[in-house]
Number of protein chains: 2
Amino acid sequence: MSHNQQNFVQQLRELGYRVTPQRQLIMDTLCEMGGHATINQIYENVHDRAPAIDRATIYRTIHLFNEHQFVLSAVINGQTMYEIADAHPHHHLVCRGCQRVIPLADHHFHDLAQHLREEHGFAPDINHITLHGLCATCQEN
Amino acid sequence: MSHNQQNFVQQLRELGYRVTPQRQLIMDTLCEMGGHATINQIYENVHDRAPAIDRATIYRTIHLFNEHQFVLSAVINGQTMYEIADAHPHHHLVCRGCQRVIPLADHHFHDLAQHLREEHGFAPDINHITLHGLCATCQEN
DNA sequence: TTATTTATCACAAAAATTTGCAATTACTAT
DNA sequence: ATAGTAATTGCAAATTTTTGTGATAAATAA
């Protein structure tokens with residue numbers, strides 16, 4: 001029932017999709033879960049409230065949401081994690097040594113994004129970029 | 001049998017892994033395939049030459065190679081693609097409208113990488129970054 | 001409201017990926 | 001060379017993800 005939720009209903013309809021109880025519940029659940037969640041965690045949360053909802057519906061819905069950027073995805077430590085796209089774009093550095101996730105402010109990608117727009121006419125999705133690498137600690141080992 | 005291959009054998013041993021015929025054949029195959037390949041394409045190529053090699057071995061081996069950056073992965077159009085890590089780092093812009101893949105030269109990430117190193121002590125893997133977004137053509141629609 | 005249309009759903013089946021395990025084989029040290 | 005050891009493999013089973021399909025229900029128009 002958040003502000004996001006209102007937009008979401010309207011946008012779904014504009015895109016020609018139907019607003020079903022399943023989709024609304026899944027979106028509600030995602031909002032309440034907050035941070036990163038796996039498909040299975042999402043399923044379990046949804047299933048607690050509506051046991052009849054099938055896994056296939058979770059998969060199809062999350063993919064639909066992701067396709068239209070209602071939900072963002074990132075592969076962290078081999079697991080695909082999903083997160084609601086909110087008003088605070090942020091990025092992650094994932095260390096492949098210790099699997100630590102370091103949040104990164106938005107502005108670091110501004111120059112790059114601007115360059116891509118100007119030189120390539122390409123509008124990058126820069127709401128949620130995940131870069132992998134090695135953190136300071138793990139570089140020493 | 002390429003130059004890569006020599007390094008690869010040595011590096012595998014240094015990391016404490018064994019150099020098996022399976023691993024060598026999979027590496028050979030990846031070298032010969034060149035560009036992006038799905039797990040299934042890799043399996044089929046390997047299977048043609050060595051039918052006894054199981055899919056599980058392909059999965060385990062590709063994941064091992066990816067973990068140690070012998071092989072790079074990128075999710076393109078929902079499919080995970082694998083590619084040998086070669087001497088020519090490059091990046092991709094993937095359009096989520098038309099699924100077109102636009103190659104991008106290495107130097108665009110230099111500033112960003114330097115910043116991450118200096119400010120966060122983080123050493124990013126910038127050999128093969130994939131950014132998603134909308135290309136010039138698809139933005140008009 | 002009610003009827004019509006068609007996207008979406010639950011279920012089942014298929015396909016893809018991961019995991020457990022006994023047999024094999026690469027490496028190491030004798 | 002040979003023996004010892006431990007990682008790796010193929011196979012089978014388990015798990016996860018995707019897909020096909022008839023029944024259901026959301027949107028639209030009368």
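**Domains and helix packing**

1. In this predicted model, the centres of domain 1 of chain A and domain 2 of chain A, taken over C-alpha atoms, are separated by 24 Å. Domain 1 of chain A covers 3-84, and domain 2 of chain A covers 91-140.

2. To the contact between these two parts, domain 1 of chain A gives 6 residues and domain 2 of chain A gives 8 residues. On the side of domain 1 of chain A that touches domain 2 of chain A, 4 residues are nonpolar and 2 are polar, with no charged residue.

3. In chain B, helix α2 (residues 21-33) packs with helix α4 (residues 55-67) at an angle of about 70°, their axes being 10 Å apart. Because angles of 65 to 115 degrees count as roughly perpendicular, α2(B) and α4(B) are therefore described as roughly perpendicular to each other.

4. From α2(B), the residues B:Q22, B:R23 and B:I26 meet B:T57, B:I58 and B:T61 of α4(B). This contact of α2(B) with α4(B) comprises 2 nonpolar, 3 polar and 1 charged residues.

5. The axes of α2(B) and helix α3 (residues 39-49) of chain B cross at roughly 120° and come within 10 Å, and the two helices, α2(B) and α3(B), are therefore oblique to each other. The crossing in which α2(B) passes α3(B) is right-handed.

6. Here B:L25, B:I26, B:T29, B:L30 and B:M33 of α2(B) meet B:I42, B:N45, B:V46 and B:R49 of α3(B). Sorted by class, the contact of α2(B) with α3(B) holds 6 nonpolar, 2 polar and 1 charged residues.

Conventions:
Residues numbered from 1 in each chain as written. Chains lettered and ligands numbered in written order. Predicted model: local features only at pLDDT ≥ 70, side-chain atom pairs only at ≥ 80, totals over all residues. Axes fitted to C-alpha atoms, helices over the stretch in contact; angles between N-to-C directions. Helix = DSSP H or I, 4+ residues; strand = E, 2+ residues; numbered from the N terminus. Parallel < 35°, antiparallel > 145°, perpendicular 65-115°, else oblique. Contact = placed C-beta atoms within 7 Å. Nonpolar A, V, L, I, M, F, W, Y, C, P; charged D, E, K, R; others polar. Left-handed = near helix turned anticlockwise from the far one by under 90°. Domains from an automatic or database assignment.
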